[in-house]
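Let's take a walk through this structure together. Have a look at it first, and then we'll go from the whole chain down to single residues.

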Amino acid sequence: MRVELNHAQLSRARAEVKRLFEAVTAGVPQATSASPISLPSLSALGAKAEWLREQLPLLADLTAVAMLLDADGDGHATVTVPGDTWDRAAMVREVGDQRFGPGFVEATGLAGEELADLLLTLGSVGHDSPPGSVMTPEELRQFIIDHPKVAEALQDTLPLGEGPAGTLRSLTGSFVTSVDGVAEAYEQRRLAGRDLFANLSPADAAILAMTYPSIVGNLSGVPFENRADANTVNVVAALARERRTLADQRDQHARNQDDWDFLGRNNDDLEGPIKDLEKRIELYESILEGNRTIIHFDPAGDGAIAELHGTIDQHTRNVGVLVPGTGTRLSNFERGVALRSREFVAQRASGDLAMISWMGGDLPDSVATDAPFANYARDLGPGLADFSRDLQLENQRAGGTNPPRVTVAGHSYGGAVVGRSELHGLVADRVLHIESAGMGHDVHDRDDLPSSQSAVRRYSMTAPDDPISLSQGVQVGDNIGHGADPDTFDGTTRLHTGNRVDGEPNTGIDSHTQVFEKNSDAWRNMVEVFNGGEVQTYRSPHYEHVYTGRGTVTYQDGWNDDGERIDIP
């Protein structure tokens with residue numbers, strides 16, 4: 001038997017039946033108490049209300065099936081029902097898997113109207129749905145947070161069929177081109193991603209992103225708002241997985257205390273991994289509770305993440321990107337680069353500065369055994385350059401009279417990442433090296449950079465006696481060292497690192513991170529670069545030499561000169 005279904009009509013019928021059920025249910029007690037006699041007609045109303053309620057799951061399933069089978073978007077679908085009866089649950093499962101990928105429905109752990117509502121919402125993109133018939137993006141976001149299994153199921157959704165999902169699928173497949181045409185092909189995909197989401201309503205764009213989060217979360221060209229929609233789902237899924245892993249590791253840690261290893265050699269093996277997981281889970285929970293704007297996310301290994309702090313809109317005048325250094329991972333992202341970026345944004349009461357904390361992949365773990373090598377920067381540099389083109393689109397999308405000016409700053413090893421990104425055409429107005437490892441492997445002078453970088457204004461700051469100065473300008477072979485010294489690179493303006501908040505010179509090993517102390521001289525210089533203000537240029541340190549009877553002690557007690565005050569264009 002063939003049945004013709006119209007999902008819009010079914011949606012309206014479902015809404016009307018629900019309204020009648022609620023009205024009758026609410027009205028029966030009132031009518032009964034108001035009647036002076038017992039009326040048979042009133043006693044039957046309760047049964048009729050119950051009959052209406054029993055039809056709601058059927059209508060929900062029919063509506064979901066009709067929506068998901070409406071391939072051409074004309075509102076109609078045809079279902080073949082074997083015999084006089086049909087297994088609704090089986091049909092919903094079959095149609096849901098057909099639309100979103102094998103095993104999707106079972107993986108959600110849902111059934112009944114909850115499942116139907118989810119499928120209706122996910123399938124509504126590109127369709128005209130009656131008001132109230134599907135979840136809003138905000139409701140869908142909260143539903144996914146409340147149902148982590150749904151988030152995990154959405155990790156594997158496939159953009160099957162036609163319409164927006166089909167266009168999304170075309171942005172992820174392989175393509176054939178010449179070697180010289182690869183960059184152009186990727187740029188065409190970036191613009192196609194931009195156009196796909198620009199041509200959708202805000203609600204459809206958000207729902208599409210949350211339907212295919214593993215694709216959209218880090219997809220070039222997609223508006224940051226929709227990347228954040230997708231990454232909300234990805235964070236929920238990561239949180240669920242890592243909570244399970246943490247529970248397992250805690251159990252194993254407890255067993256290790258009483259196992260056959262009577263010397264206790266494995267007693268502490270899991271303490272580090274457990275603390276790491278706890279901090280990652282704290283980050284995920286904070287992201288979800290604060291509805292933070294995560295525009296890149298990958299929990300694999302040490303993780304990858306980028307977060308937008310503030311907003312990019314018509315009022316934004318400057319956007320800063322801060323790339324952290326050695327030892328940065330998901331477990332310390334919150335207390336490190338994210339905190340620093342938030343402090344930069346907070347100092348602008350006008351709200352015209354936005355910051356992005358960008359940890360786009362694996363950074364060195366150890367200063368001694370990993371940081372000297374260039375392969376991390378070589379891997380991350382192209383990704384940062386690619387991200388800068390997405391930021392360029394986002395700035396254009398903001399709609400201001402003049403697009404915001406962009407500063408890309410790299411701290412420590414992050415400076416080498418920024419340097420390597422310039423080799424791949426980083427889009428930036430300003431580059432700032434902060435206690436930087438170098439200009440990037442194989443970048444020795446301005447001639448090593450492509451012509452696209454000729455207008456970039458570069459600034460650098462290295463505090464006196466920061467040990468990183470010993471490695472600046474050192475390069476050996478194909479993978480050791482990070483190119484030229486940023487402080488002396490041709491055309492770079494070296495900035496003053498100055499004093500800490502307590503008035504003492506910012507010097508020595510601690511200065512490597514103390515430059516970020518809020519309201520210190522170095523921090524204020526960074527603020528001015530990010531905002532296009534006035535900075536103080538380099539001041540050479542003054543040293544005092546004191547003979548103690550056991551030798552000469554040398555310490556910095558101030559500065560030899562005043563430097564200059566210059567404006568940042």
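**A tour of the chain**

The mean positions of the 49 positive and 85 negative charges of the chain are 2 Å apart. Here Lys and Arg count as positive and Asp and Glu as negative, while His and the chain ends are not counted; a charge is placed at NZ of Lys, CZ of Arg, CG of Asp or CD of Glu. Keep in mind that this is a predicted model, in which local features need pLDDT of at least 70 and side-chain atom pairs count only at pLDDT 80 or more, whereas totals for chains, interfaces and linings use all residues. Residues are numbered from 1 along each chain as its sequence is written, and side-chain values use heavy atoms, with hydrogens and water left out.

Now for the overall picture. The C-alpha trace spans about 110 × 65 × 50 Å along its principal axes. The chain holds 19 helices and 16 strands (DSSP runs numbered from the N terminus, with at least four residues for helices, H or I, and at least two for strands, E). Of its 569 residues, 49% count as buried, where buried means under 20% relative accessible area, exposed over 50% and partly exposed in between, with a 1.4 Å probe and protein chains only. Among contacts (heavy atoms within 4.5 Å) with a separation of 6 or more, 71% come from residues 24 or more positions apart.

Let's begin near the start of the numbering. Strand E1 (residues 2-6) and strand E2 (residues 76-80) pair in the antiparallel sense over five bridges; two strands pair if DSSP finds at least two bridges between them. Glu4 has Thr78 in E2 as its bridge partner. E2 has two faces: Ala77 and Val79 are on the covered one, and His76, Thr78 and Thr80 are on the uncovered one.

Next comes an open sheet of eight strands. Its order is E3-E4-E6-E5-E7-E8-E9-E12, and the pairing is mixed. E3 and E12 (493-494) are the edge strands, each pairing on one side only. Helix H15 (residues 330-346) packs on this sheet, touching E3, E4 (304-309), E5 (318-323), E6 (353-359) and E7 (405-411), and its direction makes about 160° with that of E6. That angle is taken between N-to-C directions on a scale from 0 to 180 degrees, using axes fitted to C-alpha atoms, for helices over the stretch in contact.

Is His296 buried or exposed? His296 is buried, because its relative accessible area is 17%. Leaving out residues up to four places away in sequence, its contacts include Gly217, Asn218, Arg227 and Gly360.

Val319 sits in strand E5, and it counts as buried because its relative accessible area is 0%. Beyond four places away in sequence, Val319 touches residues including Ile312, Leu353, Ile356, Pro404 and Val406. Gln556 is 237 residues from Val319 in sequence, and their C-alpha atoms are 35 Å apart.

Finally, look at helix H13 (residues 224-256), where you'll find Glu242. With a relative accessible area of 9%, Glu242 is therefore buried. Not counting residues up to four places away in sequence, Glu242 touches Leu277, Arg280, Ile281, Tyr284 and Pro299.
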